[in-house]
Amino acid sequence: MNENFDRAPGAGRSRNFPADPGLMTGAGDADSKTPLFNQREPLRQPRTTPPFTENSIGSVSDIPDGDYRRQSRPPQSPNYNNTSASRGGNDVDSMIKSSKLSANAPEFVPLGFNQYDDSAYYDDSDAYYGEPTLADTVTDFLGHLSSSPGSFESDVEDIAGILNSWVTTEELLKELVELIYTQSTSIPNFAYTGARLCNYLSHHLIITPASGNFRQLLLKRCQTEFQQRDAAVRGEPETQKKFHSYVLFLGELYLHLEIKSGQGPPVRARVLLGALKDLLISLFSSPVDANLICAVKLLKLTGSVLDDAWKESGESHMGELIKRIEDIVLDAACSRDVRQMLLKLVELRSSDWGRVLAAAAASSATPDNDPNYFMNEPTFYTEDGTPFTAADPDYAEKYQEMLDRQDYFHDVYGENGNEIYDFEDEMEPEMIEAFENFCLESERKRQQ
């Protein structure tokens with residue numbers, strides 16, 4: 001091994017980065033070998049050259065050799081024009097000298113702008129860009145109710161108060177009706193909240209123009225869509241989708257829109273009862289899957305209420321609709337899943353829409369008059385694992401057997417689970433002999 005070998009990492013090696021390629025070898029070092037890399041790639045020139053001034057360097061003699069060319073090169077820029085820059089600077093100076101603007105001028109306020117009005121709209125830079133419109137305000141309210149439906153009860157009074165200050169003309173009232181209708185039939189799952197909002201506004205909006213109040217204008221808007229029902233159920237998929245949203249909103253509106261009568265409690269809008277019947281007939285007249293699914297949703301939503309209302313007036317419209325459904329199940333070329341939905345709907349109606357009679361009072365409740373009598377009873381299991389409850393006809397017998405079995409194990413194991421009874425005392429001779437043979441056979445197999 002070389003005696004000059006140094007074990008330190010990198011020992012014997014040094015970095016030699018001369019400042020100029022001409023200095024790679026000294027003039028008096030004739031015996032030195034030319035290094036492997038005798039030239040170094042010049043550094044990339046900077047993209048922008050710092051400005052050259054006379055005071056930036058002392059003299060040429062102070063500049064190291066090789067740097068003089070870079071330092072002495074005047075700044076160059078292809079788009080820089082000293083003449084135009086000088087002229088531009090003079091123009092700016094002249095504009096400043098002739099300007100009539102003053103830092104002491106009063107604050108500029110746009111015409112009609114109330115600086116204390118919180119409703120003014122600002123962008124991210126706090127620049128004023130106008131007051132909100134009715135559409136902006138209503139859209140904000142509906143977006144809030146859509147994202148936080150649980151705040152409806154606490155917020156609806158404030159919303160109605162603000163809208164009363166906004167809606168002061170017949171045109172604005174019509175615009176409000178159109179905005180709420182559009183949002184209620186376009187925002188997913190907003191039909192319920194939209195119908196509740198319509199009911200509240202129908203009782204709390206003050207303005208009542210000659211064309212009608214809020215409720216009357218809303219029903220007229222729904223009437224416009226209702227008249228296009230036969231074309232909508234046979235239209236394009238997008239048209240059908242919008243129509244189905246309208247149908248479900250009208251169902252929610254029937255459930256929530258109340259009309260105050262002179263005497264007695266509020267009643268539902270009777271006009272919507274007949275409209276929903278006609279909408280269902282139109283949906284069943286074109287029994288494609290989308291229409292049938294919409295009809296099922298509507299009947300699940302309003303079926304019990306519609307059925308009761310028609311029964312009170314002595315009409316059998318619900319029976320006729322169910323007959324249509326049964327015919328569609330037999331004849332229409334709907335999908336298997338939709339056919340199953342229709343059958344489930346028929347079954348739901350046969351069970352009185354899943355309703356149970358009012359539970360009897362606790363003092364007089366019996367298994368015969370209260371279907372929920374055994375609802376909260378525990379479930380027990382027989383010895384073979386069969387479950388039974390208090391509603392089981394053999395409940396008393398099975399329960400007694402379970403108690404006897406618990407008493408038996410209690411006598412065998414005691415309170416703390418320790419065995420206090422010898423099973424061998426109750427074993428017959430044949431059982432004892434079979435058990436001993438089993439133990440001997442097990443031992444023999446283990447030893448093999």
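User: Which helix gives the most to the lining of the largest cavity?

Analyst: In this predicted model, α3 gives the most to that lining, with three residues. Helices α3 (134-147), α4 (152-166) and α5 each supply at least two residues of the lining. The residues that line the largest cavity are Val 138, Phe 141, Leu 142, Ile 159, Leu 163, Leu 176, Ile 180 and Leu 197.

User: What makes the residues of this lining count as nonpolar?

Analyst: Val, Leu, Ile and Phe are among the residue types that count as nonpolar. The lining of the largest cavity divides into eight nonpolar, no polar and no charged residues.

User: How many cavities of 30 Å³ or more does the structure hold?

Analyst: The structure holds one cavity of 30 Å³ or more. The volume of the largest cavity is about 30 Å³.

User: What is the volume of the largest pocket, and what is its lining made of?

Analyst: The volume of the largest pocket is about 640 Å³. Its lining has 24 residues, and Thr 185, Lys 241, His 244, Ser 245 and Leu 248 lie nearest the centre. By type, the lining divides into eleven nonpolar, seven polar and six charged residues.

User: Which helices supply at least two residues of the lining of the largest pocket?

Analyst: They are α5 (170-186), α6 (191-204), α9 and α11. Helix α9 gives the most, with seven residues.

User: How do you know what span is expected of helix α9?

Analyst: The expected span is 1.5 Å times one less than the number of residues. Helix α9 (residues 237-256) has 20 residues, and the span expected is 28 Å. From its first C-alpha to its last, α9 reaches 29 Å, which is close to that value. Among the buried residues of α9 are Gln 240, Phe 243, His 244, Glu 252 and Tyr 254.

User: Why is Lys 277 called buried?

Analyst: Buried means under 20% relative accessible area. Lys 277 has 19% relative accessibility, so it counts as buried. This lysine is found in helix α10 (residues 270-285). Leaving aside neighbours within four places in sequence, Lys 277 is in contact with Trp 310 and His 317.

User: What makes Ser 282 buried?

Analyst: Its relative accessible area is 4%, and the cut-off is under 20%, so Ser 282 is buried. Ser 282 also lies in helix α10. Not counting residues up to four places away in sequence, Ser 282 touches Arg 229, Asp 230 and Val 233.

User: Is Val 305 buried or exposed, and how do you know?

Analyst: Val 305 has 19% relative accessibility, and under 20% means buried, so Val 305 counts as buried. Val 305 is found in helix α11 (residues 289-312). With neighbours within four places in sequence left aside, Val 305 is in contact with Tyr 254, Leu 255 and Arg 268. Val 305 and Trp 353 are 48 residues apart along the chain, and their C-alpha atoms are separated by 9.6 Å.

User: How many disulfides does the rule count?

Analyst: The count comes to zero disulfides. The rule asks for a pair of cysteine sulfur atoms within 2.5 Å.

Definitions and conventions:
Residues are numbered from 1 along each chain as its sequence is written. This is a predicted model: local features need pLDDT of at least 70, side-chain atom pairs count only at pLDDT 80 or more; totals for chains, interfaces and linings use all residues. Side-chain values use heavy atoms; hydrogens and water are left out. Helices (H or I, at least four residues) and strands (E, at least two) are DSSP runs, numbered from the N terminus. Buried means under 20% relative accessible area, exposed over 50%, partly exposed in between (1.4 Å probe, protein chains only). Contact means heavy atoms within 4.5 Å. On a 1 Å grid over the protein atoms alone, a cavity is a set of points where a 1.4 Å probe fits but cannot get out, and a pocket is an open set with protein on both sides within 12 Å along at least five of seven lines; lining residues have an atom within 4 Å of a point. Grid points are joined across faces, edges and corners, and a volume is the space filled by probe spheres set on the points.
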